[in-house]
Amino acid sequence: MQIEFVEPTSLRHIEKFSARRVVWLRTKILREGVWIKPLALDLHHNLVLDGQHRMEVALSLGLKRVPVVRFDYPAVPLHSLREKHQFDWLDVTRRALSGDIYPYKTVKHNFIAPLPACALTLGALGYES
């Protein structure tokens, strides 16, 4: 898996997120001063398959770029964490592109390999304190 960089403002949520989790993660990242995990995106639309909270932290910090790894979405196994939601990658994509994202903790992706680790200073990501 190759890490590349994208502007956080170009990213799109597929589901909602926890504001409390964003505050916690933002505090942790600022305290440590290091970004340690890339976001997982689809190949074509910058849909955030994994990293909704990291996306929000990046936006709140005004980062100019974030590390990402891209996946061919049709090849990523996924399932719902909620009984009343059934979907496939096409449904998730359609809803995300229309702005009708799923509730928090609905879409679960089963990546074949874990996301690679990274250790990037916030300055390297364009953070200006």
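This report walks through some aromatic pairs, a helix, a pocket and a few backbone angles.

The model is predicted, so local features need pLDDT of at least 70 and side-chain atom pairs count only at pLDDT 80 or more, while totals for chains, interfaces and linings use all residues. Residues are numbered from 1 along each chain as its sequence is written, and side-chain values use heavy atoms, with hydrogens and water left out.

**Aromatic pairs**

Let's start with the rings. A pair of aromatic rings is described by the distance of the centres and the angle of the planes. Rings of Phe, Tyr and Trp (its six-membered ring) pair if their centres lie within 6.5 Å; planes under 30 degrees apart count as stacked, over 60 as edge-to-face and the rest as tilted. The structure holds three aromatic pairs, and here are two of them.

| Pair | Distance of centres | Angle of planes | Class |
|---|---|---|---|
| Tyr73 and Trp89 | 6.1 Å | 55° | tilted |
| Phe87 and Tyr102 | 4.9 Å | 50° | tilted |

Where do these residues sit? Helices (H or I, at least four residues) and strands (E, at least two) are DSSP runs, numbered from the N terminus. Tyr73 is in the loop between strand E5 (66-71) and strand E6 (78-80), and Trp89 is in helix H3 (residues 89-98), so this pair links distant parts of the chain, 16 residues apart. Phe87 is in the loop between E6 and H3, with Tyr102 in the loop between H3 and strand E7 (107-109), 15 residues apart.

As for cover, buried means under 20% relative accessible area, exposed over 50%, and partly exposed in between (1.4 Å probe, protein chains only). Tyr73 is buried because its relative accessible area is 2%, whereas Trp89 has 28% and counts as partly exposed. In the other pair, Phe87 is buried at 14%, and Tyr102 is buried at 3%.

**Helix H2**

Helix H2 (residues 52-61) is mostly covered, with eight of its 10 residues buried. Among them are His53, Arg54, Met55 and Leu61. The buried residues of H2 pack (contact means heavy atoms within 4.5 Å) against helix H1 (19-32), strand E2 (34-35), strand E3 (39-42), strand E4 (48-50) and E5. Just after H2, Gly62 takes a positive phi of about 70°.

**Positive phi elsewhere**

Most residues other than glycine have a negative phi. Which residues have a positive phi although they are not glycines? Asn46 is one of them, at about 60°; Asn46 is in the loop between E3 and E4, and at 13% relative accessibility Asn46 is buried. Lys105 is another, at about 55°. Lys105 is in the loop between H3 and E7 and is partly exposed, at 45%.

**The largest pocket**

H1 gives the most to the lining, with five residues.
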